[in-house]
Amino acid sequence: VQLQASGGGLVQAGGSLRLSCAASGLTLSSAGMAWFRQAPGKEREFVAAISWSGGSTYYADSLRGRFTISRDNARNTAYLLMNNLKPEDTAVYSCAAAPSLVTVITTPAYWGQGTLVTVSS
C-alpha cells in the first residue's frame, strides 16, 4: 500500500492550496482517510478525516471553516483544500488511511510520505 501526497509548496498568507493523496494497493472506497501535519519543532497533529463514503467528515476545531477534506473514490484520491492560509499552517502535511473514520484518526494503518506547505507572511 502506498499513499502519495502532493500539492504542497510556498504560498502567501491568505492564499489557498489543494493537497492530493493518491492511493495504490488500497481500495480507497473501503477506507477512512485523514490528513495530519507536523510543524517544525512540534508534534504531529490531526487536521481532518473523512469516512469511506465521504458522508462524514471531522476536523480539528482550530481548522474548521478554513480546511475542507474530500475524496474521489473513482480516482482513489483524497484531497485537502486549505483556504486563508496563515504562517502557522506551515508544516509537512501527511495523509493516512485506515478501515474506518475512527481508526484513521486514532491509529492509522497506512501513512504517506508528506508534502511541505510553507506560508509566508
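User: I'd like to learn how to read a disulfide. What counts as one here?

Analyst: A disulfide is taken to be a pair of cysteine sulfur atoms within 2.5 Å. In general, a disulfide is a covalent bond between the sulfur atoms of two cysteines. Do keep in mind that this is a predicted model.

User: How many disulfides does a search of the whole structure find?

Analyst: The search gives one disulfide. Cys-21 is joined to Cys-95, with an S to S distance of 2.1 Å. The pair ties together parts that are 74 residues apart in sequence, because Cys-21 belongs to strand 3 and Cys-95 to strand 9 (residues 91-98).

User: Is the disulfide of Cys-21 and Cys-95 right-handed or left-handed?

Analyst: Look at the torsion about the S-S bond: it is about 70 degrees, so this disulfide is right-handed.

User: Is Cys-21 buried or exposed? And Cys-95?

Analyst: Buried means under 20% relative accessible area. Cys-21 has 0% relative accessibility and so counts as buried; Cys-95, at 0%, is buried too.

User: Which strands pair with strand 8?

Analyst: Strand 3 (residues 17-24) pairs with strand 8 in the antiparallel sense over six bridges, and there Leu-17 has Met-82 as its bridge partner. Strand 7 (residues 67-72) also pairs with strand 8 in the antiparallel sense, over six bridges; Ile-69 is partnered by Leu-80.

User: What lies between strand 7 and strand 8 in their hairpin?

Analyst: Four residues separate the strands, and Asn-76 takes a positive phi near 55 degrees.

User: Why is strand 8 described as largely enclosed?

Analyst: Five of the six residues of strand 8 (residues 77-82) are buried, so the rest of the structure largely encloses this strand.

Terms used
Residues numbered from 1 in each chain as written. Predicted model: local features only at pLDDT ≥ 70, side-chain atom pairs only at ≥ 80, totals over all residues. Heavy atoms only, no water. Buried < 20%, exposed > 50% of the residue type's maximum accessible area, 1.4 Å probe, protein only. Helix = DSSP H or I, 4+ residues; strand = E, 2+ residues; numbered from the N terminus. Pairing = 2+ DSSP bridges.
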